[in-house]
Amino acid sequence: MCGIVGVLGNHEAAPLLVEALKRLEYRGYDSAGIATLNHGTLDRRRAVGKLVNLSDLLVHEPLAGKAGIGHTRWATHGAPNTTNAHPHRAGGVAVVHNGIIENYRDLRAELSAKGVEFATETDTETVVLLVEQAMQAGMNAVQAVDATLARLEGAFALVFLFEGQDDLLIAARKGSPLAIGHGDGEMFVGSDAIALSPLTDRITYLEEGDRAVVTRTTLDIVDANGTRANREVRQVHVDSARVDKGGYKHFMMKEIMQQPTVIGECVNAYLSEDGRDVVLPGAGVDFTRVERMTMVACGTAFYACLTAKYWFEQLARLPVEVDIASEFRYREPPVSPGTAALFVSQSGETADTLAALRYSTGKADRILSVVNVAESSIARESDLALPIHAGVEIGVASTKAFTCQLTVLLLMALKAAHARGHLSDDALADHLSALRGLPGHLNHALDLARDVDAAARKISEARDVLFLGRGAMYPLALEGALKLKEISYIHAEGYASGELKHGPIALIERDVPVIVMAPHDGLFDKTVSNMQEVIARGAQVVLMTDAAGAKRAGEDCMTLLTLPEVPALLAPILYAIPAQLLAYYAAVAKGTDVDQPRNLAKSVTVE
Ligand code: F6R
């Protein structure tokens with residue numbers, strides 16, 4: 001995690017660095033800092049907590065200079081305090097770092113043995129000390145960085161700034177993304193193109209193992225073998241609306257409310273002109289040749305994959321294995337020919353998902369991805385990347401990206417079912433027509449906000465909350481619980497309703513809230529039986545269902561949330577809305593930091 005930025009400009013660097021860091025705060029907000037060169041002299045400012053604290057500090061203690069580096073931190077090694085905040089400095093060298101130096105203990109011991117003293121508890125400080133030592137020994141900046149990089153194990157994106165060298169930044173990438181922005185007589189470095197979007201839209205992405213020497217007018221890159229590398233300059237289009245809440249109190253609410261629009265756009269982007277077929281980008285996927293699918297992701301994206309398993313297996317009769325990326329990557333699973341490996345990620349930079357993709361490359365027949373950030377590492381390293389068209393998502397808790405992921409996965413499952421002969425032309429057209437109507441239903445679900453708010457206020461006082469669902473609503477129960485715990489800090493668990501009697505029912509005592517997600521489908525009666533079992537033991541049930549379900553089973557519930565009736569396939573997307581609203585309002589009632597919950601970051605670029 002952590003966001004890093006560098007500027008070699010013709011104007012004051014500090015405001016540009018802070019503006020870029022604002023766009024990177026989704027990567028962490030434990031501390032922030034910048035360092036600049038003012039007529040060759042290196043100086044830095046650092047503040048614990050959110051970026052606003054650094055901005056305040058800079059008002060009282062400004063930093064001049066047209067070259068600089070900046071950092072927003074998600075703490076890995078060392079407590080989130082000012083001492084451990086980046087940029088780290090040794091003599092005339094400063095560095096910002098995203099990633100983890102895995103062998104830092106050995107390096108630290110080696111430096112300590114030479115009498116070197118450490119000011120921080122971080123892994124990063126060893127890097128800057130090694131560079132400084134190498135320069136003391138007579139190397140120039142580039143040689144010193146190269147000698148240091150050769151000793152580092154782990155994942156990193158690094159940017160170095162050198163006292164007395166006003167026209168030099170050195171950047172390096174291994175495992176963590178890094179983009180170089182080209183201006184007119186200016187150059188920029190950032191963790192992603194979004195950070196640099198107010199400065200330039202001309203971007204060069206560093207590849208794995210690259211080291212770049214950057215001046216205001218030149219960019220020299222060498223690859224992992226030390227060979228000069230030519231990397232393309234791309235014109236990148238990024239949504240510049242990323243810091244605008246659009247009148248809402250929180251980004252999360254804005255993003256919840258955007259769902260009817262972005263899902264409508266997402267569906268349209270994949271429909272043929274006559275609306276009767278699904279058109280996948282590029283060469284598409286020949287599902288007749290796919291024997292099985294492996295889906296890999298983390299967190300909310302993993303729950304999207306779990307839902308898609310139901311769709312691919314039921315509709316397309318295609319066996320699907322779903323795995324958490326952090327498990328998949330180290331389990332060494334056999335990936336045999338005939339497998340299409342699919343990686344789902346909003347950011348496209350999640351370290352474990354990217355590692356799982358790299359593990360599968362060369363083993364699976366096709367590497368597919370479902371991503372929001374089109375220029376991300378996961379998108380670029382896939383044979384085919386399917387965009388979810390959600391637009392920039394800022395709230396740390398994923399909302400619109402989840403439902404857009406589900407939408408793309410459902411479109412893929414329908415395409416697969418049709419290609420494999422399990423869905424007629426007309427049946428496919430009917431499903432697609434229903435999908436086109438989904439935004440209207442989502443709007444109706446959003447109309448429930450007031451009722452959900454009332455239920456959430458009661459739930460906000462609970463210590464534990466259970467979510468129950470069956471079939472494709474089971475992954476949604478997991479997602480509902482994740483959403484609630486991550487932003488309201490209330491302990492919550494999702495269970496398959498049928499599992500209740502195998503242990504979790506022991507948790508039920510008087511007044512424990514249980515959220516039951518049960519559209520009136522073929523599994524409804526089964527789920528309602530489980531609901532009655534918890535009511536009989538004193539639970540307070542919030543039932544999310546449709547009109548038919550409400551009529552059958554609404555009476556005994558604490559709260560009844562009646563959603564529109566939709567075809568069963570669409571229910572997981574629709575029922576995500578009240579689950580998100582419930583978490584949102586519970587968090588607001590508890591007064592937590594909805595958009596930037598404690599300990600979390602939007603993009604998890606370390607494992
Ligand atoms: C939860 C959430 C996380 C992410 C997970 C994967 O609300 O956002 O669980 O889903 O960290 O991130 P991506 O999709 O960027 O790979």
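This is a predicted model: local features need pLDDT of at least 70, side-chain atom pairs count only at pLDDT 80 or more; totals for chains, interfaces and linings use all residues.
Local features required pLDDT of at least 70 and side-chain atom pairs pLDDT 80 or more, while totals for chains, interfaces and linings use all residues. Side-chain values rest on heavy atoms, without hydrogens and water, and residues are numbered from 1 along each chain.

The ligand is surrounded by 15 residues, each with a heavy atom within 4 Å of it. The closest are Ser345, Gln346, Ser347, Thr350 and Glu486. By class, the shell holds six nonpolar, seven polar and two charged residues. Helices α9 (299-316) and α17 (473-488) each supply at least two shell residues; helices are DSSP runs (H or I) of at least four residues, numbered from the N terminus.

Polar contacts are pairs of N or O atoms within 3.5 Å. A polar side-chain atom of Ser347 lies 2.7 Å from a ligand oxygen. For the side chain of Ser345, the distance from an N or O atom to a ligand oxygen is 2.6 Å. Taken alone, the ligand exposes 400 Å², of which the protein buries 89% (Shrake-Rupley method, 1.4 Å probe).

Five aromatic pairs were found. Ring centres must lie within 6.5 Å; planes under 30 degrees apart count as stacked, over 60 as edge-to-face and the rest as tilted. Phe160 and Phe162 are stacked, at 6.3 Å centre to centre and 25 degrees between the planes. Phe160 counts as buried because its relative accessibility is 0%; buried means under 20% relative accessible area (1.4 Å probe, protein chains only). Phe162, at 1%, is also buried. Tyr584 and Tyr585 are edge-to-face, at 5.2 Å and 75 degrees. Both Tyr584 and Tyr585 are buried.

Methods
Rings of Phe, Tyr and Trp (its six-membered ring) pair if their centres lie within 6.5 Å; planes under 30 degrees apart count as stacked, over 60 as edge-to-face and the rest as tilted. Buried means under 20% relative accessible area, exposed over 50%, partly exposed in between (1.4 Å probe, protein chains only). A polar contact is a pair of N or O atoms within 3.5 Å; within protein, one must be able to donate a hydrogen and the other to accept it, and residues adjacent in sequence count only if both atoms are side-chain atoms. Ala, Val, Leu, Ile, Met, Phe, Trp, Tyr, Cys and Pro count as nonpolar, Asp, Glu, Lys and Arg as charged, and the others, Gly among them, as polar.
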